[in-house]
Amino acid sequence: MTADLNFKNYSGPTSPSERLDAVEEKTVAHEGDIYRSCYIDPDTVSDTNFAAEEHRILWNYWQKMRGSDSIPTYDWINPADFIKAMGYVLLMEPNDDFSDFKYRVYGSRIANRFGHEMNGRWTSEFDGVQKDISITQYSLSATKECPVYSEHSYINDEEEYARTLWCRLIMPMKNKGGKIDRILVGNYPDDIGRTDVIS
């Protein structure tokens, strides 16, 4: 099925019945907020469906790692394999019930852009909407054992209401024991202008 969610940086197939509506219900409102997400099928999506080079690099890495399996089994994650995307990488370690996620790697470009350094910290340490969106998306990707693609807008009040579209490619990985214990995320920021409206 063709994409119908009007993603800015993803053009691949989506499943309209699986748009992660649970996350959308948790978002709060600035006027003009953008929120879109979906599961994506690794067997029908290619790197050409992603506009951001960082997403293409990570998608190809994840696909190569998984081979013929549904998701990759890893014994070692080598950042050298996706070095050109490293500044935009989040590598998450879930707790036992996927209700929270620790940042094992928090890309330097994300930290500089968002204004927080989160290495070694938990997603639950964020406030409000950011926490809700992130935990729900990571949890659903882990429990369904399927990649998720999402785009959501964020307004930085300290930069005259600059709006950033955060484009996230979320991919679960399992250890040799078969347990999902890493979530690989490419989190790409795309400037989408400014707004003077805050509700």
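Biologist: Is Asp190 buried or exposed?
Modeller: The relative accessibility of Asp190 is 12%, in a predicted model in which local features need pLDDT of at least 70, side-chain atom pairs count only at pLDDT 80 or more, and totals for chains, interfaces and linings use all residues. Residues are numbered from 1 along each chain as its sequence is written, and side-chain values use heavy atoms, with hydrogens and water left out. Buried stands for under 20% relative accessible area, exposed for over 50% and partly exposed for the range in between, with a 1.4 Å probe and protein chains only. Asp190 therefore counts as buried.

Biologist: Which residue forms a salt bridge with Asp190?
Modeller: A salt bridge requires a side-chain nitrogen of Lys or Arg within 4 Å of a carboxyl oxygen of Asp or Glu. For Asp190, the closest N and O atoms of the pair are 2.8 Å apart, and the partner is Lys8.

Biologist: How many residues apart in sequence are the parts that Lys8 and Asp190 tie together?
Modeller: Helices (H or I, at least four residues) and strands (E, at least two) are DSSP runs, numbered from the N terminus. The salt bridge joins Lys8 to Asp190. Because Lys8 lies in the segment before helix H1 (21–24) while Asp190 belongs to strand S6 (residues 180–194), the separation in sequence is 182 residues.

Biologist: Which residues is Asp190 in contact with, leaving aside its neighbours within four places in sequence?
Modeller: Contact here means heavy atoms within 4.5 Å. With those neighbours left aside, the list for Asp190 is Lys8, Asn9, Arg163, Thr164, Leu165 and Cys167.

Biologist: How many residues apart in sequence are the parts tied together by Asp75 and Lys176?
Modeller: The side chains of Asp75 and Lys176 meet in a salt bridge, at 3.4 Å from N to O. Asp75 sits in the loop between helix H2 (53–66) and strand S2 (89–94), and Lys176 in the loop between strand S5 (162–174) and S6, so the separation in sequence is 101 residues.

Biologist: What is the relative accessible area of Asp96, which pairs with Lys179?
Modeller: Lys179 and Asp96 form a salt bridge whose closest N and O atoms are 3.5 Å apart. Lys179 is partly exposed, with a relative accessible area of 44%, whereas Asp96 is exposed, at 68%.

Biologist: How many salt bridges does the structure hold?
Modeller: Side chains of opposite charge can pair when their charged atoms come close. The number of salt bridges in this structure is eight.
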